[in-house]
Amino acid sequence: MQIQNYSRWLDNKIAEIKKNGTRPTLLMQACCAPCSSYVLEYLSDYFDMTMFFYNPNISPESEFVCRYGELERFVSSAGYTGVKITAPVYDSREFYDAVRGMEELSEGSERCQICYELRLRKTAEFAKENGFDYFSTTLSISPYKNAKWLNEIGEKLENELGVKYLYSDFKKKNGYKRSIELSNEYGLYRQNYCGCVFSKRDSEKK
């Protein structure tokens, strides 16, 4: 599928859902509360959403626990009573095995692309196993994440596994700016590195 504008595609999909009077189920891979904040505000009126906190890249484990706790707090504080959260057991070995040999690459490199696919594949598999209509990820809200990579991976997994992918580029239409506003409004913890030890290493060099 050749999509030139992921944001427009999503708006058209929402218009279709509203016209049909349906409310599909959506499994949304969530990396943190700040990134999830705008995505929930944008989509929760149209989908029955479950936030899937699968992030074996996050290190150390205490950081994983902190980010998961902030996601729970935001969902509760913002009144998203119909939104569910689920998280597989934390196992950082899944990430380190996937990126072995790429440790010295910089942030934004092929290592990140492998990490995207690791997280999206787990999300797609869970979505298929549990009968979700769609799967997607909050990652495209970040100006540091490659939305084209993310959507290409999502399309590949849709074709491979037979569960529909919800294309997106959440940073568009001031999505990233809105996520910062919501983070300030709810006092959310905003991390200063993506999650893995390598992103932390690179952030500390700046």
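The side chains of Lys13 and Glu16 meet in a salt bridge, with N and O 3.5 Å apart; the term denotes a side-chain nitrogen of Lys or Arg within 4 Å of a carboxyl oxygen of Asp or Glu. Helices here are DSSP runs (H or I, at least four residues), numbered from the N terminus. Lys13 counts as buried because its relative accessibility is 14%, whereas Glu16, at 41%, counts as partly exposed. Buried means under 20% relative accessible area, exposed over 50%, and partly exposed in between (1.4 Å probe, protein chains only).

The model is predicted: local features need pLDDT of at least 70, side-chain atom pairs count only at pLDDT 80 or more, and totals for chains, interfaces and linings use all residues. Residues are numbered from 1 along each chain as its sequence is written, and side-chain values use heavy atoms, leaving out hydrogens and water.

Side chains of opposite charge can pair when their charged atoms come close.

| Salt bridge | N to O distance |
|---|---|
| Lys13 and Glu16 | 3.5 Å |
| Glu63 and Arg67 | 2.8 Å |
| Asp91 and Arg93 | 2.9 Å |

Glu63 and Arg67 lie four residues apart in helix α3 (residues 61-77), about one turn of the helix, and both are buried.

In the whole structure, the search finds 15 salt bridges.

Note on methods:
Helix = DSSP H or I, 4+ residues; strand = E, 2+ residues; numbered from the N terminus.
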